[in-house]
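Trainee: Could we take a close look at a single chain, at how its parts are arranged and at what its neighbours bring to it?

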4 protein chains.
Amino acid sequence: MAHKYIVLIDSPDKKGLIQEITKILLDFNCNIDKNDEFVDKDNQIFFMRSEISVDNIDIALLKKTLQLALSKESNISIIDKDKKKKILILTTKENHVLGDILLRQYDNDLNINILAVISNRISTKSLAEKFGIKYTHIDTDNISREEHESLMINEIKKYDFDYIILAKYMRILSNNFVEKFQNKIINIHHSFLPAFIGANPYQKAFERGVKIIGATAHFVTKDLDEGPIITQDVQHVSHNYSLEEIKKSGRVIEKNTLNQALDLVVEDKVFIINNKTIVF
Amino acid sequence: MAHKYIVLIDSPDKKGLIQEITKILLDFNCNIDKNDEFVDKDNQIFFMRSEISVDNIDIALLKKTLQLALSKESNISIIDKDKKKKILILTTKENHVLGDILLRQYDNDLNINILAVISNRISTKSLAEKFGIKYTHIDTDNISREEHESLMINEIKKYDFDYIILAKYMRILSNNFVEKFQNKIINIHHSFLPAFIGANPYQKAFERGVKIIGATAHFVTKDLDEGPIITQDVQHVSHNYSLEEIKKSGRVIEKNTLNQALDLVVEDKVFIINNKTIVF
Amino acid sequence: MAHKYIVLIDSPDKKGLIQEITKILLDFNCNIDKNDEFVDKDNQIFFMRSEISVDNIDIALLKKTLQLALSKESNISIIDKDKKKKILILTTKENHVLGDILLRQYDNDLNINILAVISNRISTKSLAEKFGIKYTHIDTDNISREEHESLMINEIKKYDFDYIILAKYMRILSNNFVEKFQNKIINIHHSFLPAFIGANPYQKAFERGVKIIGATAHFVTKDLDEGPIITQDVQHVSHNYSLEEIKKSGRVIEKNTLNQALDLVVEDKVFIINNKTIVF
Amino acid sequence: MAHKYIVLIDSPDKKGLIQEITKILLDFNCNIDKNDEFVDKDNQIFFMRSEISVDNIDIALLKKTLQLALSKESNISIIDKDKKKKILILTTKENHVLGDILLRQYDNDLNINILAVISNRISTKSLAEKFGIKYTHIDTDNISREEHESLMINEIKKYDFDYIILAKYMRILSNNFVEKFQNKIINIHHSFLPAFIGANPYQKAFERGVKIIGATAHFVTKDLDEGPIITQDVQHVSHNYSLEEIKKSGRVIEKNTLNQALDLVVEDKVFIINNKTIVF
């Protein structure tokens, strides 16, 4: 029976690229089930995501053939469609985002394998353990910010993971941390960025009297809250919402927005270019 | 300078189609600016929409070459991207949908050329004429439904048009009418179809106590309110809305939903397959 | 310290009602923290929900005083704001809606006390038990529909509950069942009712080619899928969604829509009048 | 036949206020058709909006009676429900927001009387005049910013108006201007404030790679883009939107958001408190 792969390509744009790539896929007897392309005009880069079915295939050879045909600046990945993404989750004290991810893994609704939950507080432990997930508490007491982060990094490095999910991890990450895991850290920020950058966005939203609150799932880069946005969602609020009610509404948007982003990332539908994403 | 065209292809699906088509486009020295493909698995039909730029080109020859390469059941169109779509608008007594289309043409916000407004009531005349649009009133008084429709058809046939827009034209069209203008009539229905099929959807929505009202833009087929849906949109309402307030909210959704559909149709982004649409 | 109550009143409308009621509340030294009123013009019924704070109060006397002042057709409830609502959950085989409610109770995000989960399938057992909730499986094998329902009713009657939540309970309830628990059964239907009434709404939505799918939380009455709607929500889909992808998107809307409804019901913000709701 | 009025009250909060006010309304034989109240806990201010019907009434006496009963810091307005709001519209070069307001007045969809359009560019003239609206062009050529604003103020002062609508008026207003027309100027800003404050929000949104764009209707205060927000709305966008397509989508949100705000303001549903609004 045919096996399914996802082919991801980004390459400097030039005339004839689609023809060239699809010719090679055809030569390897691949059937294209679904195909998305996009040209970023500002950067003159071509992006392509193909879902292919093929019977027997030498993936390494296909990749090499594509690489030879395209320019040296191209990036090519060929991914087994069914393989679960390996995930680390970082939390602080809130359960709702973590819980939703745990439930979705439990329910086979998200193609992930949660390797562990690592937390600077103990409050999410009971929930993680209900679902049989390994839990590591790295306390912040009596140690410096640098020491804590260093312990976190050591713990993280024990795992062979695809992505780190910040499920309301309420610590600012240093450049050192972020650079170690480039394009691998996904955060949920509780505002429709770039509104209310930084701490206490709900408090700020309440004080500003906005009529819409939101959440933003984004890759984490050195610049706080400035990383490439994957998904955003919003909800209408009114003068009738207390700060507590804004926070409660916000929790729903947070978990939904992050989960939309996880669906996209897990299905290899997200490319990063500079501080933006291409989402197929 | 390069000229822009849109290539629309639907074809029985087979392996290698994209390669075959893009090879021909390359042979004709076309640059692909934007490309969308979709395979309808149920019907095994491949759909493709390419925006291409090319310097000098024999469009007829390109089309013929594509037609020869693809199976006989394929449909191929090559459309000048800048050419305005020629539109007839049918109205009854309401101004809001008509007005929004008139404004968008006036403002060069929609790439259309409104040839005429044809109405069974006189009430929209003043608005159409403000914008210098030809207006024909075909009264329903003292004539049968068949006679009226026959007069409408005769009037419509005077024009070389691309689409007929039913901008709140509140008459049921006969099969005879619909078959004459297949895939060319676009209607705005004031419900989120298939809820509240038929007459007085707002009244029915009010009586049912729904918390969401909507509108649906669709191609008109023989089966009333059953044609391929192009766009739908909705708005939250509450017990606090009177029937009049529901209707008022509805007017906003109606004009927005139809205008979204017009954007898509005018930019040749909509394919029809059976009672569904593919919208790129 | 002041205690908080919710006063719910519906009464045939007449001039001076608000003054009369608020006078009594003032006489009992109640402070009105929040007040909502609505007059259903069609039925000439006045609805009021007041959140009050008061130090020491004889609730029974306040209720009696209000009852004496208002007409005999009036209904008055005075509810302790902090008291948890007692909930029974009925499930079949799906985990996602159940899971979200369990998580929200676990996280103190919803002011409920889940007494038990009762299911006609065993598949949700493991999830309920993770959260320490009592689970009863009433199998449908080798018994008639009537026998099964009778067993369900017997089990339900063991509990002193406020509401029965049908968390994707996929059995049609008989009139007999519904009448026993009038205005106490809340269902989540996976369509934006009244579209796609009955079985397999996602299949029907897919076949119809709608561009929006939805979910509806409603009280269950004798007429299938015709009960008073509490909340509805929707999501845009496209030709690009397979039936499986529609179902997956639908699961998110289902759990969110039901949870919005539960928030409202649990906070005593929902009145029922005929087949409609007033939602403050 | 009964006449309809809207009673607007804000007052320092105290126990018994609703009772006191509704008692007076009852004494004057007013029937309350619709009633909304809100207590701003932070500022301890009570807000009330009542729609009343009454046969014969001395409005001045009712107002005086209410004023005597309430504290001196209270504000009371009693407004004839049917009276059109008198509007001045300021524009620069864009037609779409202006056009939508003109259409709604033409269609009796908004209870306003547009007194004049005043513009610093001539480009909206033709549209305003189609609808028979007086148009004044105050050119910015060869004069200082101060001189221009002074000419604008002189022109505005010729009119007895309720509100000034900035329908994409692209000039920054001085404190002097804003203070002259406090709580009377409504602007539409083309971002979901406070994101992208200042100039070129769409350009900034495009560069930031947001997945949602929006618009904000707000009262104008001395602090640029910091005034009380009336309504906000948003729309999802993707990497696939060019800057031009973002602007085009934005135009739809701009006109819809401002028109929602106008509905609310025209129906006297908006209170201002500090930099926030209460919207009933």
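Trainee: How many Å separate the centres of domain 1 of chain A and domain 2 of chain A, taken over C-alpha atoms?

Mentor: Taken over C-alpha atoms, the centres of domain 1 of chain A and domain 2 of chain A are separated by 31 Å. The model is a predicted one, in which local features need pLDDT of at least 70 and side-chain atom pairs count only at pLDDT 80 or more, while totals for chains, interfaces and linings use all residues. Residues are numbered from 1 along each chain as its sequence is written, and chains are lettered from A, with ligands numbered from 1, in the order in which they are written.

Domain 1 of chain A covers 3–80 and domain 2 covers 85–279, with bounds that come from an automatic or database domain assignment. Where the two meet, 10 residues of domain 1 of chain A are in contact with five residues of domain 2 of chain A, contact being counted when the C-beta atoms of two residues, placed from the backbone, lie within 7 Å. On the domain 1 side, at least two residues each are supplied by strand 1 (3–12), strand 2 (31–40) and strand 3 (45–54) of chain A; helices (H or I, at least four residues) and strands (E, at least two) are DSSP runs, numbered from the N terminus. That side of domain 1 of chain A has six nonpolar, one polar and three charged residues, where Ala, Val, Leu, Ile, Met, Phe, Trp, Tyr, Cys and Pro count as nonpolar, Asp, Glu, Lys and Arg as charged, and the others, Gly among them, as polar.

Turning to the neighbouring chains, 22 residues of chain D are in contact with 22 residues of chain A. The elements of chain D that give two or more residues to the side touching chain A are strand 11 (229–236) and strand 13 (276–279), and the residues of that side divide into 11 nonpolar, eight polar and three charged.

The contact of chain C with chain A takes 11 residues from chain C and 11 residues from chain A. Here the elements that give two or more residues to the chain C side are helix 3 (96–106) and helix 8 (243–266) of chain C, and the largest share of that side, four residues, comes from helix 8 of chain C. By class, the side of chain C that touches chain A has two nonpolar, four polar and five charged residues.
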